[in-house]
Amino acid sequence: MLDYIEKTLFAVRSVGLRMTLRTVWNSWRRMRLEKNYPSSVVPPSAQPRHPGELLSAQATQRGAHFQFDESFKLEIEFLTPVMARISWQPSPPPTPYAVVRQEWPEVAVTLEEQGDSWLLSSPALTIKVHPCGTLEYLAGDQSLRIETPPQLDGSSWQQSASLLDGASIYGLGERAAPLNLRPGNYGLWNTEQSGSYRFGADPLYMTAPVYHAHSQKGSCFLFYDNSYDGEIEFGEQARVQFIGGGIHYYFILGAPEQALAQYTQLTGRPPMPPRWALGFHQSRWGYASEQDIRQVVDGFKQHDLPLDVVHMDIDYMDGFRVFTLDQQRYPDLKKMADDLHEQGIRLVTIIDPGVKIDDGYDVYQEGMAQQAFCKLPDGKTAVGLVWPGWSVFPDFTKPATRTWWGQYYARLLDQGVDGIWHDMNEPASMSAFGDPTMPRPMRHDIEGRGGDHEEGHNLYGLTMALAGFEAQQQLRPERRPWLLTRSGWAGMQRYTWLWSGDVGTGWDTLRMTLSLILGTGMSGVPYIGSDIGGFTGHADSELFTRWFQMSALMPFFRNHAARTTPRSEPWVYGEPTISICRRYLQLRQQLMPYIYSLSWQASQSGVPLVRPVFWVEPDNAELFKVDDSFMLGDGLLVTPVLEEGAMERQIILPKGEWFDFWSEEKYIGGQQMSVSAALDTLPMFVRAGSLLPMSQDGRIVLHVYSPLQGEGSHTSQWYDDAGDGYEEHQLSQFAVSRRQGALQVDWTVDGQFPLPEKLDVVIHGVEPGKVLLDGEEVQPGSHLRSIEPFNQMLVYPG
Ligand code: GLC
């Protein structure tokens, strides 16, 4: 109740009383429509159906078909030796938005009868089909999962599966929950949070029916290609239920890193972003004018705070009409963009899907003429309520609508806008009660085959991203598209970044956003961040500082807040906040070559930039639940301070050898310890053997962290290119090892993008007595300045 009152008050303050009253009418109307139109969702009867008994099995090219009575058929196909697609027929086909790959190399599959069961095997995985339709997944002798046959009831279906003892669960998209989702019960319906949310809110704006079950005995990954509303419960067992749609899912064998590599072969990988997007973004709902934005930019300059991107929220539009500009407050957007570009700053503008109903507004008129908007079953255009008032919603599952919508992006890109921010695309329709979205009977085209909002809802943000991405590709083919979204679904990583929406302000929410970001990355969506300081409240300087520090090491680094809050640019807080923010902005710049290289890794294998700590020690069950620290790549362990007043914290250092990033003190991992963390310190540790490509004043600096005693070779990468476009790149591989006391770095390069002529190398962990670069002795020192790229470096301790 309190929450409800708080949200209503927030609504009144942000949109005014008149709009708040309209939300009552909107909710009532949606309820009435949902009552009046028959739904495609058939409620459960008392008589669930099962596949019955197995009658026959038949091998196919890459799998087998199993015929059951009740005319159920089970189709299993191995797409790779570790990835199987399972479909139960008859059931409606999946939508074509998540899975992009159709062709797969051959897999050697065998089908063998064993008693009254069948064994279908690839070289890595066996699926045992029991006579009642139960499926058991085995890697060698290890049984990983036993799954009951689906049970159908009305249009809904459910299934239960065993989970290995101690298995941790990760994924399901964005969750305001601990990193390990077990035990817990989660919804699968993308949901706008009406202004603010905290720990425990569920579901959030972006759900994805994917999860890892990770344990010491084995790991697997599930993806249900079904966009209907549903529920997943992780307890003793995993129980999944969808209220409609087909029974099509994928089982992937492997630890999270390998599983994500497979899953993103199926659903696509995140393309390389333009480098600027990895910089710092300043945003605010409520920047009143061009003047205001220019002053903010000047503020960054005056305080010597590096700034890469400025966002323009809905304030720039004329009465919140998308693709328009308030000419009074933004008289010359092009000039403003040009001026920003001159200072090396990029511009991002928000776009909401809701189009104001206004006969004098071309986007509305043309959309109506093109039949671009979602309709109700009676053929009338569906109406919802968003910032501009009564609005209609483009149907992005219709190809012609995507093309029509996409051409309007030229209005912004032609003015010099660099990237686009998609918001309110669950889609949100402001409501006083009930589900704050469009009515479920609303129709969608779904590439011509037709469907309703029960099926189309979760696809809305994803298909809007598809439209926005293709528009940018078409309009500006020489540049990489950049999109940010609030909502999405499985596969969205192909097109867009994500942020965690309207997270409330507090220490609890700072803590929560960390597990949320980790879990989203493990769902295949690596580019995500949260509004620094929270969206709805005003963080005090300590909370702001800690949030800022953590975000500086997150994939998406943005300061943003609601218009109802006091300003929160770093200087609002005075000192020492300004200096601390400067320090972390500079750190971000210094780490850019490393972070950019992680982007390249994500584009090649789907691996998230920010990973749970167990990533570096996947067998250590102690680490499975750790969600107050994270790895940025494989080289950096980040342990942010997440508690008020804390000037130290407990950390778990995974096994291996580590360096304190700041003090260079060395530690042997596999222990818990306390680290001090004054307000200006974000505790960070570098894994020995890592080579971190960094930059300092425009010069590349390779930081080599020598293995302390460990033998063996550690590999690090440095990827570089022009920062945008699709021209040449270079990929450096470094093998770092320690042999008989000497530190050895072998450097190989692939690609045509030129390496810098001169660079620096900083050696950590060895006091150099003698240094050989490609056999030639150079002046020893731990900071080698202005040297040429080499093939081999040998450092003998002094
Ligand atoms: C939504 C967004 C928020 C934005 C606001 C106004 O609440 O989540 O980021 O500032 O709308 O556009």
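A: A pocket is here an open set of points, on a 1 Å grid over the protein atoms alone, where a 1.4 Å probe fits and protein lies on both sides within 12 Å along at least five of seven lines; its lining residues have an atom within 4 Å of a point. The model is predicted, so local features need pLDDT of at least 70 and side-chain atom pairs pLDDT 80 or more, whereas totals for chains, interfaces and linings use all residues. Residues are numbered from 1 along each chain as its sequence is written, and side-chain values use heavy atoms, with hydrogens and water left out.

The second largest pocket holds about 520 Å³ of space, a volume being the space filled by probe spheres set on grid points joined across faces, edges and corners. Its lining comprises 22 residues, with R275, Q589, M592, P593 and S695 nearest the centre. Helix α13 (577-605) and strands β40 (691-696), β41 (699-705) and β42 (713-721) each supply at least two lining residues; these elements are DSSP runs numbered from the N terminus, helices being H or I of at least four residues and strands E of at least two. The greatest contribution, five residues, is that of α13. By class, the lining of this second largest pocket has seven nonpolar, eight polar and seven charged residues, where Ala, Val, Leu, Ile, Met, Phe, Trp, Tyr, Cys and Pro count as nonpolar, Asp, Glu, Lys and Arg as charged, and the others, Gly among them, as polar.

The largest pocket has a volume of about 790 Å³. Of its 39 lining residues, K7, E192, Q193, S194 and G195 are closest to the centre. The lining of the largest pocket divides into 19 nonpolar, eleven polar and nine charged residues.

Among the polar contacts (N or O pairs within 3.5 Å), an N or O atom in the side chain of D502 lies 2.5 Å from a ligand oxygen atom. For R486 the corresponding distance is 2.9 Å, and a polar side-chain atom of D423 also lies 2.9 Å from an oxygen atom of the ligand. The protein buries 98% of the 310 Å² that the ligand exposes when taken alone, by the Shrake-Rupley method with a 1.4 Å probe.

Methods: Polar contact = N/O pair within 3.5 Å; in protein donor to acceptor, adjacent residues only side chain to side chain.
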